[in-house]
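Me: I would like to go through the fold of one chain in this entry. Please keep the answers brief.

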Amino acid sequence: MSILTLDLLKRLSETPGGPGDEAAVRDIIARVVHPHVDELSIDSMGNLIARKRGTGASSKQVALAAHMDEVAFMITKIDNDGLLHVAASGGINRRTLLGKRVQVGPERLPGVISVRPPHLVDDPEEYRKPPKLQDLVIDIGAKNGDEAKSKVKRGQYAVFRTPFRFLGPDEPSGDAALPRSGRISGKAFDDRLGCAALIELLAGEPFPFDVTGVFTVQEEIGLRGALAAGSRMTPDAVFILEGTLCPDLPGRWGQETTPPTTRLGHGPALTTADRSHITPPRLLQHLLRTAQARDIPYQFKHPNVGGTDAAGFARYTGAPAAIISTPARYIHSPIAIADLTDFWHGVELVRAAMETL
Amino acid sequence: MDIKQTLAQLTQARGPSGGEGEAAKLVALLMQPLCQEVTIDAVGNVVGIKPGTGPEPRPKIMLMAHLDEIHLTVSAIDGAFLRFVENGYDPRILVGAQVIVLGREPLPGVIGDLPPHIMTEKERQRMPDLAEMVIDLGLEAEQVAELVRVGDQVVLDGPFDELLGHRVASKALDDRLLVATILATLDELQRVSHPCDVIAVASVQEEFSGLGATTASWARRPDAAIALDVTFARQPGVREAETFPLGSGPAIAMGPNLHPHITQTLLDMAERLEIPHEIDVQPARTGTDAWGIQVAAGGIPSGLVSIPIRNMHTPVEVVDVKDVARTARLLTAFLAQADHDFLDSLTYRLPDFQEAAP
């Protein structure tokens, strides 16, 4: 029996949580996992740490982690016309920003990213250029600077405002258990899908050993939460639960495409190495054997792409860390698409790998 | 009439050029209680008639705002993905956008982009062109083949957002905003006597060929007409001379597409009623239904009143809805005075040949 529902995934996806501003997401997670764990604490960085005692059959220590933050903007200036100027917190895809919806500040004020109408563009070359961040403004409908300043402060965050959606023909009801298949779209799948997987694993039956679940902060600006949390623990194994890139798109019309990093619907992605971490071969081997024994589909993520909290957890203690990711198309933009089959196979694989560790 | 609520309903309806059916039905429903007769004609225009007071024949004045919104068209099915062509969109806003494909059923989709992690520096510095973009329905190829075919239309998707104060953001404010203005005008006219018959038209295909404007004008042969559309509000990166501050009231257009006396009457009326307004200088083609109306059915004296919006032709067009009530007030006053004398004042006169030339 799963604890996850479409409604919970929707809340996890839609709630704002820029790097350093994860409180609202953390709150949701804390309330959900609280009845299922033995200890819950928040460290000085803002990481949420959940301890779940095992059956006592094993003295191993295992850590699971997923990051709560998402790529975001911070408000740098409020001009006299009441428009908000921004800087990026995390690697936002600049090509996807014009004419998109955002939510600003703790009150989640709706705003839109301004774009000048095509009728008034003189030089078609402009269409070829992604906007520069310093040229972007968010319009919250304020009549002037004073009205805007009464609602928004410099330093507040803005994140995308994208409704979560179940794609495909038959939408199940929101409070029913999260479907085992079907595709979903929404923002912040990197890494609220990992958060959902971690919630599910913590809410299940106890493992043979004690488990520490870490919901980390500030992954998107350099694994900051994982570094701090990882420097305090010496687990025998760490499993990082991620939402990873999935550029399995056809190429330019009529031309070959480049080989994708992952493919949607082909199972959870395992990382051999990314830009910041090499998965210890023995831990990876264990995952592969488990997948093969249980007949769980999996795929390898194209090596040397991206980086995750694994490097943060390994940095000080050298703890062996592996990464299990749900592929999600178009991450670091206003919207992503993921396949729930991949998500559930990932959960199943991690659970099985832990049981046989 | 609750303008925001009506506007929310109108903008959420789907009505690409040539596929205005859903939007047309909604407009007909909303117009029904305000008119004596409402029809949807052969090309899809919604036409409501509100007869005037006074003996026949009465002057016939047409108000027109367009029903259609800009759209994309599926050009090929590429496995599980859709290729498309656009008309009227800045391609940059399509990257990362949410759409509804009007296939066998309405299907939500995404026009996504490569994640920045794997882009080359060159890719990061340029926008993808249309040939590189695809619509992703999140479905398998077999499902896509069953539900979508080449030629299906696609509209951008997005909620109706209430921003601060009287400002809202939505898709299709161009031109449902002015359809709402027509409804607000008809609503006011329930309490104001008007000598003319009012022909209220929500026209089709303005964003494509202007077909609705010419066919409705030809069929109804109004004595005069006012086209209603959106215009450009001030925002970063635009020239001041071509734009109006957001919420500055209706912009009354002046130029060869418009009959000078209609323009002057509208301006005088706005002055007299102290309605904030602006003058919109249009030296040639206005890019509105007024362009088609003016030359239809032997020529129809036309006016053009516009409301400024930001981010035109995007799913986040922004308007100050105060301008709707202001514009409706102006139009109501205009219609209340539109009698035979007014029509008379629109006719160009020959000189009195008995008098000596000056």
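Me: Which strand of chain B does helix α2 run at about 10° to?
Reply: This is a predicted model. Helix α2 of chain B covers residues 21–31. The helix lies across β1, β2 (46–50) and β12 (197–203) of chain B. The strand at about 10° to α2 is β2(B).

Me: Which strands are at the edges of the open sheet in chain B?
Reply: The sheet has eight strands with mixed pairing, in the order β1-β2-β12-β3-β13-β16-β14-β15. The twist from one strand to the next averages 25°. An edge strand here pairs on one side only, and the two in chain B are β1 (37–40) and β15 (278–281).

Me: In β16(B), what is the bridge partner of D229(B)?
Reply: Strand β13 of chain B spans residues 224–232 and β16 of chain B spans residues 302–309. The two run parallel and are joined by eight bridges. The partner of D229(B) is S306(B).

Me: What angle does helix α8 of chain B make with β14(B)?
Reply: Helix α8 (residues 260–272) packs on the sheet. It touches β13, β14 (251–254) and β16 of chain B. Its direction and that of β14(B) make an angle of about 150°.

Me: How many residues of domain 2 of chain B are in contact with domain 1 of chain B?
Reply: Chain B is assigned domain 1 (3–69 + 171–346) and domain 2 (71–156). Their centres, taken over C-alpha atoms, are 33 Å apart. Domain 1 of chain B contributes ten residues to the contact, and domain 2 of chain B contributes eleven.

Conventions. Residues numbered from 1 in each chain as written. Chains lettered and ligands numbered in written order. Predicted model: local features only at pLDDT ≥ 70, side-chain atom pairs only at ≥ 80, totals over all residues. Domains from an automatic or database assignment. Contact = placed C-beta atoms within 7 Å. Pairing = 2+ DSSP bridges. Helix = DSSP H or I, 4+ residues; strand = E, 2+ residues; numbered from the N terminus. Axes fitted to C-alpha atoms, helices over the stretch in contact; angles between N-to-C directions.
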